[in-house]
Amino acid sequence: MVWDNDYSVGVKEIDEQHKQLFKLIERFKTAISDENLDIWEEMRRILIFLVKYASYHFEAEEALMQRIHYPQLDAHKVMHATLIGRLREVLERLKAQKSYKPIEFYYLLMNWLTDHILAEDSKIGNHYSAMGGERTPALRTASDLFALLEPPLRKLEMMQKNGVLSGQQKEEKQNSLITKLFQKIDVTLPQKLLLALQTIDLLLEEGLILAINAETLRKALMERTNLHQMMQAQVPSQSKHDLLHQLLHCGLVDQSDCDEAVAVIEAEH
Ligand SMILES: [Fe+2]
Ligand SMILES: [Fe+2]
């Protein structure tokens with residue numbers, strides 16, 4: 001699991017540090033499959049560093065909260081202290097190793113990080129922008145993507161109306177614009193593929209693309225994915241169900257594909 005725009009709290013400094021935390025936990029995972037390493041020793045080493053880096057990050061985050069007069073600063077500080085406590089617990093468990101599989105430590109750490117970012121740090125970002133701070137854009141919803149695409153697509157439409165572009169040229173340019181943006185999205189994740197498909201729906205509804213081009217764009221997205229693998233991704237099962245619903249709605253899967261996928265989800269959870 002890598003850092004993803006979904007985890008952006010919209011404050012550059014904090015996002016960069018969160019990315020580092022993700023990287024550290026990923027290194028922990030890589031260590032698990034490296035046969036040349038003493039796995040337990042390597043995991044212990046990374047975890048000790050993670051405790052240090054997390055402490056540094058929490059201090060930076062608390063300083064930011066202070067600067068922007070974040071109202072829940074004290075409660076958030078308590079959570080940080082608890083989070084460090086939990087890392088120390090994991091470290092203790094690592095020493096006792098045998099009752100756990102290495103990969104379980106990885107999931108433990110990933111949840112440790114993502115739960116806090118999504119539930120708590122995201123609120124700091126909201127307060128930051130409410131206080132006038134400039135947020136880095138996060139492409140979280142189909143409307144975010146649509147908002148990025150609409151101006152250049154409208155411009156192409158104007159160019160066609162003015163005779164600068166032929167209908168076909170306009171469509172080609174539109175498709176390549178949309179494709180380029182979709183290229184930046186990791187559509188192997190259910191929630192991201194859903195996002196892209198919903199964006200296509202919005203573009204269609206607004207009359208910005210033709211049905212036939214929507215079809216081509218959808219197919220191109222599906223070529224970059226594998227439904228079976230996607231159903232096994234470590235994401236909430238709700239995202240997978242939402243995606244299936246959308247795929248069915250677009251005619252990209254039929255009912256029997258859907259039933260099969262649901263069986264995979266249920267086996268995973
Ligand atoms: Fe935090
Ligand atoms: Fe944080």
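Thr114 sits in helix 4, which covers residues 102–130. In this predicted model, Thr114 counts as buried because 20 C-beta neighbours lie inside 10 Å, and 20 is the cut-off for that label. Within the chain, Thr114 and Glu104 are 10 residues apart, and their C-alpha atoms are separated by 15 Å.

Stepping back to the whole chain, there are 11 helices and 0 strands. Read along the sequence, the pattern is simply α-α-α-α-α-α-α-α-α-α-α. The C-alpha atoms fill a box of roughly 70 × 50 × 30 Å, taken along the principal axes. Of the 269 residues, 22% count as buried. Among the contacts with a separation of 6 or more, 72% come from residues 24 or more positions apart.

As for confidence, the chain averages a pLDDT of 88, and 97% of the residues score at least 70. Among the elements, helix 8 has the highest mean pLDDT, at 95, while helix 11 (residues 255–268) has the lowest, at 86.

In soluble globular proteins, nonpolar side chains tend to be buried together. The largest nonpolar core here has 23 residues, and those with the most contacts inside it are Leu193, Ala196, Leu197 and Leu221. At least two residues of this core come from each of helix 5 (142–161), helix 6 (167–183), helix 7 (190–205), helix 8 (211–223), helix 9 (227–230) and helix 10 (237–249). Helix 7 gives the largest share, with 7 residues. Leaving aside neighbours within four places in sequence, Leu221 is in contact with Phe182, Val187, Leu193, Ala196 and Leu197. Another core lies apart from this one; it has 20 residues, among them Tyr7, Leu50, Ala54 and Phe105.

Helix 6 has 17 residues and reaches 24 Å from its first C-alpha to its last, close to the 24 Å expected at 1.5 Å a residue. Its buried residues are Gln174, Ile178 and Phe182. Seen down the axis of helix 6, these residues fall within an arc of 70°, so they line one face of the helix. The buried residues of helix 6 pack against helix 5, helix 7 and helix 8. On the face turned away from that buried side, helix 6 carries the exposed residues Gln168, Ser176, Lys180 and Gln183.

Arg154 belongs to helix 5. With 12 C-beta neighbours inside 10 Å, Arg154 counts as exposed. Arg154 and Leu208 are 54 residues apart in sequence, yet 7.4 Å apart in space, C-alpha to C-alpha.

Towards the end of the chain, Met231 lies in the loop between helix 9 and helix 10. Though it is a loop residue, Met231 is buried, with 22 other C-beta atoms within 10 Å. Leaving aside neighbours within four places in sequence, Met231 is in contact with Lys240, Ala261, Val264 and Ile265. The C-alpha atoms of Met231 and Glu260, which are 29 residues apart along the chain, are separated by 9.9 Å. Helix 11 itself has 14 residues and reaches 20 Å from its first C-alpha to its last, close to the 20 Å expected at 1.5 Å a residue. Helix 11 is hardly covered: among its 14 residues, the count of buried ones is 1.

Most residues other than glycine have a negative phi. His69 is not a glycine, but its phi is positive, at about 50°. His69 is found in the loop between helix 2 (39–67) and helix 3 (73–95). With 9 other C-beta atoms within 10 Å, His69 is exposed.

Definitions and conventions
Residues numbered from 1 in each chain as written. Chains lettered and ligands numbered in written order. Predicted model: local features only at pLDDT ≥ 70, side-chain atom pairs only at ≥ 80, totals over all residues. Core = buried A, V, L, I, M, F, W, Y, C linked by C-beta atoms within 7 Å. Helix = DSSP H or I, 4+ residues; strand = E, 2+ residues; numbered from the N terminus. Contact = placed C-beta atoms within 7 Å. Expected span 1.5 Å × (residues − 1). Arc of directions from axis to C-beta. pLDDT = per-residue confidence, 0-100.
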